[in-house]
Amino acid sequence: MRIESPRQHLLFGLLLVLLLTPAAWGDKTISDADKIKTVYHMYAGYKEEFPDIADISPQQAMAMQEQDAAVVIDTRKPAEMAVSTIPGAVTKQVFLYNRDRYVGKTAIAYCTISYRSGLFVKDMATIGIKIVNLQGGILAWTLEGGTVYDDQGKPTRRVHVYGDKWDYAPAGWESVKFNLWEQIF
């Protein structure tokens, strides 16, 4: 298509402005209450892929963690974990190689919104390892008031949201996203 007339230039310019305006891609300035509803709705859709696994709410997980009755397992990639993690979380590898250390504790897995962790929990169930999935992942955890720590062990208000589709960090928090290559490797 060749743009020749002033009217075509104007229409093309308006189209570009609309496409490049954040509002054209969905309003991310919604309230935290609406964000948490969206996160739980998204999680419910993902749960259809692993309907038989048990899950736990962030509030229940926080209470169990305060009583030292849980081990939290972060199933994300190291670069995501470097942005922020739930306090005391261990990697999948640390959990699997040191399972005896966590006997008597409820194992709770999570990721950004608990899709990847749900698949992990499902896989572990096939070999007899009981783990529950955190409803809504680290997004729900932060939206429900949970604290997260950076890779230096300090509280942070940054959370890795994986991509635009999951950009539901609480108000006042920084959403961190990596480019496609960082997410693949």
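**Before starting**

Residues are numbered from 1 along each chain as its sequence is written, and side-chain values use heavy atoms, with hydrogens and water left out. Because the model is predicted, local features need pLDDT of at least 70 and side-chain atom pairs count only at pLDDT 80 or more, whereas totals for chains, interfaces and linings use all residues.

**The whole chain**

Display the protein chain as a cartoon, where eight helices and nine strands can be found; helices (H or I, at least four residues) and strands (E, at least two) are DSSP runs, numbered from the N terminus. Of its 185 residues, 38% count as buried, where buried means under 20% relative accessible area, exposed over 50%, and partly exposed in between, with a 1.4 Å probe and protein chains only. Among contacts (heavy atoms within 4.5 Å) between residues at least 6 apart in sequence, 64% join residues at least 24 apart.

**The sheet**

Select strands E1 to E5 next: the five form an open sheet in the order E1-E5-E4-E2-E3, and the pairing is parallel. Two strands count as paired if DSSP finds at least two bridges between them. At the edges stand E1 and strand E3 (90-91), each with a single partner strand, so one side of each is left without a neighbour in the sheet. Then look at E2 and E4, which pair in the parallel sense over five bridges, and pick out Val71, which stands opposite Ala107 in E4.

**The nonpolar core**

A nonpolar core is a set of buried Ala, Val, Leu, Ile, Met, Phe, Trp, Tyr and Cys residues joined through side-chain atoms within 4.5 Å. The largest one here has 42 residues, and those with the most contacts inside it are Ile73, Phe95, Ile131 and Leu134. At least two residues of this core come from each of H2, helix H3 (58-66), strand E2 (70-74), E4, H6, strand E5 (132-134) and helix H7 (137-143). To see one of these residues in its setting, select Ile131, which, leaving aside its neighbours within four places in sequence, is in contact with Ala54, Ile73, Phe95, Ala107, Ile108, Ala109, Phe120, Val121 and Met124.

**Helix H2**

Move on to H2, whose 16 residues should span 22 Å at 1.5 Å a residue, and whose end C-alpha atoms are 22 Å apart, which agrees; the expected span is 1.5 Å times one less than the number of residues. Which residues of H2 are buried? They are Lys35, Ile36, Val39, Met42, Tyr43, Tyr46 and Lys47. Seen down the axis of H2, these buried residues fall within an arc of 140°, so they line one face of the helix, the arc being that of the directions from the helix axis to the C-beta atoms. This set packs against strand E1 (55-56), E5 and H7, while on the other side of H2, Lys37 and His41 are exposed.

Tyr40 is also found in H2 and is partly exposed, with a relative accessible area of 25%. Leaving aside its neighbours within four places in sequence, Tyr40 is in contact with Pro58, Gln59, Gln135, Ala140 and Glu144. The C-alpha atoms of Tyr40 and Ala140 are separated by 7.5 Å, although the two residues are 100 apart along the chain.

**Helix H3**

In H3, select the buried residues Pro58, Ala61 and Met62. Seen down the helix axis, they fall within an arc of 100°, so they line one face of H3. What covers them includes H2, E1, E4, E5 and H7. Just after H3, Asp68 takes a positive phi of about 55°.

**The aromatic rings**

The structure holds five aromatic pairs. Rings of Phe, Tyr and Trp (its six-membered ring) pair if their centres lie within 6.5 Å; planes under 30 degrees apart count as stacked, over 60 as edge-to-face and the rest as tilted. The rings of Tyr43 and Phe50 have centres 6.5 Å apart and planes at 50°, so this pair is tilted. Phe50 is buried, with a relative accessible area of 1%, and Tyr43 counts as buried at 4%.

Tyr46 and Tyr115 form another tilted pair, with 5.1 Å centre to centre and 55° between the planes. This pair links distant parts of the chain, 69 residues apart: Tyr46 lies in H2 (residues 32-47), and Tyr115 in the loop between strand E4 (106-110) and helix H6 (116-126). Tyr46 is buried, with a relative accessible area of 15%, whereas Tyr115 is partly exposed at 26%.
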